[in-house]
Amino acid sequence: MNKGLILGCIADDFTGATDLANNLVRAGMRVVQTIGVPDAPLAADVDAVVVALKSRTIPAVEAIAQSLEALQWLQAQGAQQIYFKYCSTFDSTPDGNIGPVTEALMDALGCDFTIATPAFPDNGRTVFKGYLFAGNVLLNESGMQNHPLTPMQDANLVRVMQAQTKRPVGLIDYKTVAQGEAAIRERIAALRAEGVGVAVVDATSNADLLLLGPALKDMALVTAGSGVAVGLPANFGLKPSVQASQLPAATGLQAVVSGSCSLATNAQVAHFKATGRPALAINPASLMNGQSDALVQQVLAWAAPHLKDGPVLVYSTATPEAVKQVQAQLGVAEAGALVEDALAAVARGLVDLGVKQLVVAGGETSGACVQALGIAQLQIGPQIDPGVPWCHAPSAAGSVHITLKSGNFGTEDFFTKAFKVLA
Ligand code: ADP
């Protein structure tokens with residue numbers, strides 16, 4: 001059992017888990033993120049573990065089963081407090097999964113009260129009088145009302161949560177939060193006396209989250225986006241420190257693998273090419289008809305002689321028009337899978353060639369690369385840009401430093417800046 005473990009976190013998706021881990025590290029915790037529920041005890045000595053599930057949109061019964069499995073593992077590692085992390089846009093439907101998973105965790109922990117707040121003011125997500133804002137507009141005017149899987153047509157989180165919860169849902173509003181710990185605790189006591197089991201909490205600034213933190217000290221279960229995390233480490237005597245984000249010294253060769261086609265990533269690819277560093281585009285059409293393995297070998301043969309001189313870039317990143325054309329030819333899912341598999345094989349091949357500092361761009365692309373590298377746990381290190389930290393991981397081909405950049409994150413010079421941050 002890991003004696004030092006304080007916080008056990010369960011995240012409902014992969015990049016959301018990294019986002020939470022990044023906030024915890026910035027607030028002073030040493031954090032490991034696991035891909036799914038590990039089948040072995042935790043090896044590292046850390047303050048928090050984030051178990052990354054893919055449970056956001058699967059059937060509620062399965063999300064509950066996976067979350068309870070994660071809970072049991074975290075408890076076995078000695079976690080003193082449990083944090084259920086969901087999206088800052090509260091992605092869910094009346095069937096779940098936020099409400100059902102919250103209640104299942106409450107039942108398992110034997111706790112009769114918890115909070116629910118996706119507030120993450122640093123990212124423009126604020127909660128006021130129970131209403132969630134995304135930037136300057138209510139959630140249901142933000143585009144989220146048209147989400148294909150979790151359309152959010154009501155910004156009132158008390159109503160949204162009540163629709164998926166048997167326990168009565170209440171509100172701790174901004175006036176109470178502004179008064180700090182004593183007032184928040186008093187409000188919690190009053191809500192409990194009324195039989196309320198879950199309270200949505202207002203927060204419009206980081207200051208609100210820091211006021212909320214101390215009032216959550218003895219709460220067995222906290223449910224939130226990644227924002228609430230900034231106020232928790234102080235409860236355990238931890239404060240921001242360089243040590244929290246310290247990783248082993250970086251060694252080995254450097255490479256970037258990019259499968260994201262977002263605007264930001266297109267600009268990052270262009271910026272990298274403009275520096276004159278070697279870059280090779282993969283054309284999805286050249287992967288068709290079983291040509292993928294041969295192409296991967298060609299890419300690796302191209303990369304090998306360049307690697308000793310600095311980072312190389314292998315990318316399928318393309319403009320929206322080019323992507324549409326490929327998708328029309330191959331089908332959306334087929335094109336995606338073909339490219340993901342090829343880039344993952346390239347990533348694995350590069351690591352076999354001695355690359356130990358790897359930047360991966362794209363959420364799905366990251367999932368494929370992490371799998372191909374056989375990575376099960378990531379130690380979270382220093383932030384490169386908001387939401388994107390360097391990580392260190394044992395992989396099937398030796399340990400690597402890796403960063404997983406989801407599509408729209410990162411400044412234009414991300415692909416070169418990242419290596420400077422690590423140095
Ligand atoms: P993001 O984080 O920007 O959404 P993802 O990696 O999650 O990036 O998604 C990008 C998807 O597009 C992946 O499935 C990837 O395989 C696919 N893809 C990448 N390049 C191309 C391309 N040139 N044509 C068609 N699909 C592509």
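1. In this predicted model, arginine 192 and aspartate 112 form a salt bridge through their side chains, with an N to O distance of 2.7 Å. Arginine 192 belongs to helix α6 (residues 181-193), while aspartate 112 sits in the loop between α3 (98-109) and β5 (114-117), so the bridge ties together parts that are 80 residues apart in sequence. Arginine 192 is partly exposed at 44% relative accessibility, and aspartate 112 is partly exposed at 46%.

2. Arginine 30 takes part in a salt bridge with aspartate 47, at 3.0 Å from N to O. Because arginine 30 is in the loop between α1 and β2 and aspartate 47 is in the loop between β2 and β3, this pair ties together parts 17 residues apart in sequence. Arginine 30 counts as partly exposed, with 29% relative accessibility. Aspartate 47 has a relative accessibility of 7%; the cut-off for buried is under 20%, so aspartate 47 counts as buried.

3. Arginine 30 also forms a salt bridge with aspartate 45, where the closest N and O atoms are 3.8 Å apart. Aspartate 45 lies in the loop between β2 (31-35) and β3 (48-52), 15 residues from arginine 30 in the chain.

4. How many salt bridges does the whole structure contain? A search finds 15. Asp12, Asp13, Arg56 and Asp91 are linked in a network of such bridges.

5. Asparagine 23 is part of helix α1 (residues 14-26). Is asparagine 23 buried or exposed? Its relative accessible area is 2%, so asparagine 23 counts as buried. The side chain of asparagine 23 makes a polar contact of 2.9 Å with the side chain of arginine 26. Beyond its neighbours within four places in sequence, asparagine 23 is in contact with Phe120, Ser226, Gly227, Ala229 and Val230.

6. The ligand is surrounded by 18 residues, of which Ser260, Ser316, Glu340, Glu364 and Thr365 are the closest. By type, the shell holds six nonpolar, ten polar and two charged residues. Helices α10 (320-330), α11 (332-352) and α12 (363-372) each contribute at least two residues to this shell.

7. An N or O atom in the side chain of serine 316 is 2.8 Å from a ligand nitrogen. A ligand oxygen lies 2.5 Å from a polar side-chain atom of glutamate 340. The backbone of glycine 407 has a polar atom 2.8 Å from an oxygen of the ligand. On its own, the ligand has 580 Å² of accessible area, and the protein covers 82% of that area.

Note on methods:
Residues are numbered from 1 along each chain as its sequence is written. This is a predicted model: local features need pLDDT of at least 70, side-chain atom pairs count only at pLDDT 80 or more; totals for chains, interfaces and linings use all residues. Side-chain values use heavy atoms; hydrogens and water are left out. A residue is near a molecule or strand if one of its heavy atoms lies within 4 Å of it. A polar contact is a pair of N or O atoms within 3.5 Å; within protein, one must be able to donate a hydrogen and the other to accept it, and residues adjacent in sequence count only if both atoms are side-chain atoms. Accessible areas come from the Shrake-Rupley method with a 1.4 Å probe; for residues, only the protein chains shown count as cover. Helices (H or I, at least four residues) and strands (E, at least two) are DSSP runs, numbered from the N terminus. Ala, Val, Leu, Ile, Met, Phe, Trp, Tyr, Cys and Pro count as nonpolar, Asp, Glu, Lys and Arg as charged, and the others, Gly among them, as polar. Buried means under 20% relative accessible area, exposed over 50%, partly exposed in between (1.4 Å probe, protein chains only). Contact means heavy atoms within 4.5 Å. A salt bridge is a side-chain nitrogen of Lys or Arg within 4 Å of a carboxyl oxygen of Asp or Glu.
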